[in-house]
Amino acid sequence: MVSAMQWTALSFGSLLLLSQAQEPTQEGKLIHLAEISCKTFTEFTQQEQAIIISWLQGYNLPEKAPAVIDLEKLSSDKAKLTEHCTEKPDDDVMTAAEAVMGQ
């Protein structure tokens, strides 16, 4: 039987693999996090949101922090960012992430 943590790890791994198999029209697509609104973030696919929140976690790590992916924190941060973005759709994603991940 697969535990919840293993299921999350498998799901996250699958998302990362799928992100490499996008259609050619998606190649070269840039996401400028300081330029997109929370409203836009909430309209992204679950896959795109997972990629963004993963990047934000890495960006917000202290300089000497170990290079690990905490899947529970990933899920928690995604929920907090989504809630913030739903309440304040005009915020940019970087400002929103700072507000919820800086806590």
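How many aromatic pairs does a search of the whole structure find? The search finds 1 aromatic pair. Trp-55 and Tyr-59 form this pair, and their rings are stacked, with 4.8 Å from centre to centre and 15° between the planes. The angle explains the label, because planes under 30 degrees apart count as stacked. It should be kept in mind that the model is predicted.

Trp-55 and Tyr-59 are 4 residues apart in helix α3, which covers residues 46-59, so about one helical turn separates them. Trp-55 has a relative accessibility of 43% and therefore counts as partly exposed. Other residues of α3 are buried, including Ile-52, Ile-53 and Leu-56. Among the buried residues of this helix are also Gln-47, Glu-48 and Gln-49. The length of α3 can be checked as well: at 1.5 Å a residue, its 14 residues should span 20 Å, and the C-alpha atoms at its ends are 20 Å apart, which agrees.

Attention now turns to helix α5, residues 93-101. Here Val-93, Ala-96, Ala-97, Val-100 and Met-101 are buried. Viewed down the axis of α5, these buried residues fall within an arc of 105°, so they line one face of the helix. The cover over the buried residues of α5 includes α2 (38-43), α3 and α4 (71-87). At the N-terminal end, α5 is capped by Asp-92, which places a side-chain oxygen 3.1 Å from the backbone nitrogen of Met-94.

The structure has 1 disulfide, formed by Cys-38 and Cys-85, whose sulfur atoms are 2.4 Å apart. Cys-38 belongs to helix α2 and Cys-85 to helix α4, so the pair ties together parts that are 47 residues apart in sequence. The link of Cys-38 and Cys-85 is left-handed, with -45° about the S-S bond. Are these two cysteines buried or exposed? Both Cys-38 and Cys-85 are buried.

His-84 lies in helix α4. Its relative accessible area is 11%, and His-84 is therefore buried, since buried means under 20%. Apart from its neighbours within four places in sequence, His-84 is in contact with Cys-38, Asp-91, Ala-96, Ala-99 and Val-100. Of these partners, Cys-38 takes part in the disulfide, while Ala-96 and Val-100 are among the buried residues of α5.

How values were computed
Residues numbered from 1 in each chain as written. Predicted model: local features only at pLDDT ≥ 70, side-chain atom pairs only at ≥ 80, totals over all residues. Heavy atoms only, no water. Phe/Tyr/Trp six-rings, centres within 6.5 Å; stacked < 30°, edge-to-face > 60°. Helix = DSSP H or I, 4+ residues; strand = E, 2+ residues; numbered from the N terminus. Buried < 20%, exposed > 50% of the residue type's maximum accessible area, 1.4 Å probe, protein only. Expected span 1.5 Å × (residues − 1). Arc of directions from axis to C-beta. Contact = heavy atoms within 4.5 Å. Polar contact = N/O pair within 3.5 Å; in protein donor to acceptor, adjacent residues only side chain to side chain. Disulfide = S-S within 2.5 Å.
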